[in-house]
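Subject: Structure handover

Hello,

Here is the structure I promised to pass on. Please open it first; my notes follow below.

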Amino acid sequence: MSTRPDVKATVGDISSDGNLNVAQEECSRKGFCSVRHGLALILQLCNFSIYTQQMNLSIAIPAMVNNTAPPSQPNASTERPSTDSQGYWNETLKEFKAMAPAYDWSPEIQGIILSSLNYGSFLAPIPSGYVAGIFGAKYVVGAGLFISSFLTLFIPLAANAGVALLIVLRIVQGIAQVMVLTGQYSIWVKWAPPLERSQLTTIAGSGSMLGSFIVLLAGGLLCQTIGWPYVFYIFGGIGCACCLLWFPLIYDDPVNHPFISAGEKRYIVCSLAQQDCSPGWSLPIRAMIKSLPLWAILVSYFCEYWLFYTIMAYTPTYISSVLQANLRDSGILSALPFVVGCICIILGGLLADFLLSRKILRLITIRKLFTAIGVLFPSVILVSLPWVRSSHSMTMTFLVLSSAISSFCESGALVNFLDIAPRYTGFLKGLLQVFAHIAGAISPTAAGFFISQDSEFGWRNVFLLSAAVNISGLVFYLIFGRADVQDWAKEQTFTHL
């Protein structure tokens, strides 16, 4: 990582206004062909891989528990009618599926398994974010991506060995995934100009929705054709392949990137020249604890991820049980909200930066407005779901609208920590991930409890609780949220705890 003097020296080579404007014009002509947008697309691919690995169990678990017939032995005979290729293919698929075991897991056990990804995750974000902020995100993110992808390949073996081993593997996998989701934000401290911060982070973050869409779309088909274990084999293999792209193409600092143009490098460095983003070894912990704007973001993270993890874990189950859809159709229907959300995340980021660059709205107004839209409307929609369950089309419309509108939060409270303390981005993202994963550990377990107690009213209680938690976080954020750099995050002399 480049040091602060290096950056200042680079800035010193450029005259304050004139050359910066020239650099801005050059970069505006490049648009999405710039290296920084290419970096956002690579991070999108990494988030795609991580979220396919997070979601694959959600789509596979109905196939893992619903088939109560004992698995039969595959036919050892190799004789097939030479003229019936379709029949041969169908028999082959049956043999694949026969080798996929089924388990007697209650709804409570399923909720624990789905939540286990988050049980150990709250231990890793702060160290991951801190290390990534000090030493750079390249190897932190790359290592986490490889570990998570490698362990995904072994989930079928762990499930066959027992629930305890599966839970342990998921806990370790969750820690590795935190390294990716937390460490990547340290890259934007050096790469994202303030007027492009929302669009770059949302392009990268949209990989989460894209990954969920693909695994839900293909997962049900894979479970019905060749068996649920191949959901883990395929997406684990894709993640391992992504590592080959990550390590040679990613650099922590544009100053050191071998392929970036001189104009784009000057533009990024100059746009960040007035922002103190150099990380420090010590942290103003006491000041952070007393900071209400930071607490507003923390509470908002917990509440918004409560709803997110509930929807991510139980959308396939809701569609298959309430709409009585088979595995293939359940996967396709479950994927629709996520693909719409992927598109809306990017559009929301572009809209936020447009409003900011044209000075139509202040930054804090944009953050609070987008958060309010992304919380209120989805909460109302989800609470209304039990009353439209008799209509398949209306249910899917509500799920899609909820996902689309909630994506506005990605340009609101969920990116606000980059505004208030850019020099502590890695650490703060780790802290925020702790709150998010605590919500992820509790919410699916609570949902599983409600559903197991009352199959008819359980879903209504799940949506009511999620909406109440979400709106409570919004109220706290609207009161205490800020978008200016906090005093404790500025370069000055203070007492660290």
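Let me start with one residue. Met312 is buried, because its relative accessible area is 6%, and the cut-off for buried is under 20%. Keep in mind that this is a predicted model.

Met312 sits in helix H15, which spans residues 292-322. Which residues does Met312 touch, leaving aside those up to four places away in sequence? They are Tyr51, Gln54, Met55, Ser58 and Phe338. Take Ser58: 254 residues separate it from Met312 along the chain. Their C-alpha atoms are 7.7 Å apart.

Next, two helix pairs.

The crossing of H7 past H12 is left-handed. On the H7 side, the contact uses Lys138, Tyr139, Val141, Gly142, Ala143, Leu145, Phe146, Ser149, Phe150 and Thr152. On the H12 side are Phe232, Gly236, Gly239, Cys240, Cys242, Cys243, Trp246 and Phe247. Sorted by class, this H7 and H12 contact holds 12 nonpolar, 5 polar and 1 charged residues.

H5 passes H20 in a right-handed crossing. H5 contributes Pro107, Glu108, Gly111 and Ser115. H20 contributes Gly440, Ala441, Pro444, Thr445, Gly448 and Ser452. The class count for H5 with H20 is 3 nonpolar, 6 polar and 1 charged residues.

Last, the annotation. The unreviewed UniProt entry marks "transmembrane region" at residues 200-222, 228-251, 292-312, 332-357, 369-388, 394-418, 430-451 and 457-480. I checked two of these stretches against the model.

- Residues 332-357: the chain is 100% helix and 0% strand, with the end C-alpha atoms 38 Å apart.
- Residues 369-388: the chain is 80% helix and 0% strand, with the end C-alpha atoms 29 Å apart.

Over to you.

Best wishes

Notes. Residues numbered from 1 in each chain as written. Predicted model: local features only at pLDDT ≥ 70, side-chain atom pairs only at ≥ 80, totals over all residues. Heavy atoms only, no water. Left-handed = near helix turned anticlockwise from the far one by under 90°. Helix = DSSP H or I, 4+ residues; strand = E, 2+ residues; numbered from the N terminus. Contact = heavy atoms within 4.5 Å. Nonpolar A, V, L, I, M, F, W, Y, C, P; charged D, E, K, R; others polar. UniProt positions renumbered as here; feature names shortened; annotations may be inferred. Buried < 20%, exposed > 50% of the residue type's maximum accessible area, 1.4 Å probe, protein only.
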